[in-house]
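Open the model in a viewer, with the sequence panel beside it. The stops below are given in the order in which to select them.

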Amino acid sequence: MPSEESDLTEKTSAKTFSELQAERHEQAERTILISCPPNISEKKFYKYISSYGTINKYFFYETFGIYAVVEFADKESIGMLKSFSGIPSLQHECAIPFKSRFFNLVNNHPRDLSAAQPSVSCLKQSVIPLNELLQKLSGTESIDEQLYTVCKEYQLTEENTRLRFLVCSLVKDIAAAYFPECSVKPFGSSVNNFGKMGCDLDMFLDLDSISERNNPKGIKLHSFLKCSLVKAFLINRSSVRKAEDECIIESHDCTFVSNNKIKPSQNTQTLEELLQEFFEFYGNFAFNRLSINIRKGKEQHKPEASPLYIQNPFEQALNVSKNVNQTQLEKFVTAARESAWLLQQDRLKQPESKTKPWGLAALLHPSTQSFVGRSKKKRQPASERIRSLLDSLKTNKQTSGFSNRPNGSKRHLCTVAWSSPL
């Protein structure tokens, strides 16, 4: 609801990141998860649960059944609810010696909690289908509006954020049965405002100064890496502000600017211009010899032979993109070049109708991707392919790297001539 979101923004804008995280963790400690029976009456459910204590907030969602997330005003209410609940008997399994905050509501008397018709409104916790997204994007008036629409549809909701902190809190309950001093906290995109609906939940398990992460390495561009690429590009378009909150952890400089101290950028470029230049920039970046430093907002020579090198902004001797192989990098560069080329086409810059994909929708539409894929398969004569490759390498050498363009006065040229493989 817009009013609730605006109120939430006003309440959180004056708080630091640490304060917000502490508030979320405390909120999760007062929250329970309930598996509900089908055709449950919301009115009867609320009346029953509120008999154990004052409820601050509750909502329902559906995934292989209906679930309710209930936040009480105090932890004592949860203790009272636990005292009236029982642990199911398990004949062949060993139960962990504690009562969870994950409850299964058994409706022994259907008339008590059921409704003749489903009366529960379940909030969406899934990603919008691509065809629905394309339809919304095609009905907009500008690429800027398309980008805002994508952000609105994909960004984590308040309820989804609550769920993520609740999962960490429930996992902590289990671990605390064996390690009483442990803590489990979310990190990454779930807490840095770069998360999207459906993204994974990274958790940090702290066992009394012994830390482990449940974030296995893969061979794809993970969210932190993508955010690093975007941040490096945007920093170059604005003046880099001096960090104000100095923070040194185990000799590593983890200084950052608190949320309430970040001022709006002086960059006057539109989102459409920034999107176009983002694709052009990385489509021509010399990844073969340069690395990215998001602290300084500029390129530097690679200290090792990894296909992609992005310096860890905190532990600066590490490469956060070390798990990316050459094939993945080539796919990213190819996609950037093709996207830049598509956004330059006049027929895709303005909407022709409310149903035909254009702008950002054209980039995401399967038919466009198929067309680009087919065009890549058309092989040129060897001499032409080699000439195109050499030309593109020359262009890379001339245009790669970060350019000092705070007002976006110049534009990179996008080389797409050698998109066909040798």
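Which residues in α11 are buried? Select the helix: Q328, L329, F332, V333, A336, R337, E338, S339, A340, L342 and L343 are buried, where buried means under 20% relative accessible area, exposed over 50% and partly exposed in between, with a 1.4 Å probe and protein chains only. Helices (H or I, at least four residues) and strands (E, at least two) are DSSP runs, numbered from the N terminus.

Before moving on, note that this is a predicted model, in which local features need pLDDT of at least 70 and side-chain atom pairs count only at pLDDT 80 or more, while totals for chains, interfaces and linings use all residues. Residues are numbered from 1 along each chain as its sequence is written, and side-chain values use heavy atoms, with hydrogens and water left out.

**Helix α11**

Stay on α11 and check its length. The helix has 18 residues and spans 26 Å from its first C-alpha to its last, close to the expected 26 Å at 1.5 Å a residue; the expected span is 1.5 Å times one less than the number of residues. Now go to the start of α11, where a side-chain oxygen of N325 comes within 3.2 Å of the backbone nitrogen of T327.

**The largest nonpolar core**

Next, select F279, Y282, F287 and I292. Of the 39 residues in the largest nonpolar core, these four touch the most other members. A nonpolar core is a set of buried Ala, Val, Leu, Ile, Met, Phe, Trp, Tyr and Cys residues joined through side-chain atoms within 4.5 Å. At least two residues of this core come from each of α6 (130-138), α7 (143-154), α9 (223-236), α10 (271-283), β10 (290-293), α11 (326-343) and α12 (360-364). The largest share, 7 residues, is supplied by α11.

Centre on F279 and show its surroundings. Apart from neighbours within four places in sequence, F279 is in contact (heavy atoms within 4.5 Å) with A336, S339, A340, L343 and L363. For a second, separate core, select I55, I78, L81 and L105, which are among its 18 residues.

**Aromatic rings**

Show the rings of F233, F278, F279, F281, Y282, F285, F287 and F332, which form one aromatic cluster. Rings of Phe, Tyr and Trp (its six-membered ring) pair if their centres lie within 6.5 Å; planes under 30 degrees apart count as stacked, over 60 as edge-to-face and the rest as tilted. By this rule the count is 18 aromatic pairs. F233 and F281 have ring centres 6.1 Å apart and planes at 50 degrees, so this pair is tilted. The pair links distant parts of the chain, with F233 in helix α9 and F281 in helix α10, 48 residues apart. F233 is buried, with a relative accessible area of 2%.

Move on to F281 and Y282, an edge-to-face pair with 4.8 Å from centre to centre and 80 degrees between the planes. Both F281 and Y282 are buried.

Select β10 together with β11 (residues 298-301). The two strands run antiparallel and are joined by 4 bridges; strands pair if DSSP finds at least two bridges between them. L290 stands opposite H301, and N293 has K298 as its bridge partner. The hairpin has 4 residues between the strands, and G297 takes a positive phi near 70 degrees. Which residues cover the two faces of β10? L290 and I292 lie on one side and S291 and N293 on the other, and all are buried.

**A buried serine**

Go to S169 in helix α8 (residues 158-176). Its relative accessible area is 4%, so S169 is buried. The side chains of S169 and E29 are joined by a polar contact of 3.1 Å, that is, a pair of N or O atoms within 3.5 Å; within protein, one must be able to donate a hydrogen and the other to accept it, and residues adjacent in sequence count only if both atoms are side-chain atoms. Leaving aside neighbours within four places in sequence, S169 is in contact with A28, E29 and R101.

**Two asparagines in loops**

Most residues other than glycine have a negative phi. N39 has a positive phi near 55 degrees and is found in the loop between β1 (31-36) and α3 (42-49). N193 has a positive phi of about 70 degrees and lies in the loop between β5 (183-187) and β6 (202-207). Is each exposed or partly exposed? N39 is partly exposed, at 37% relative accessible area, and N193 is exposed, at 74%.
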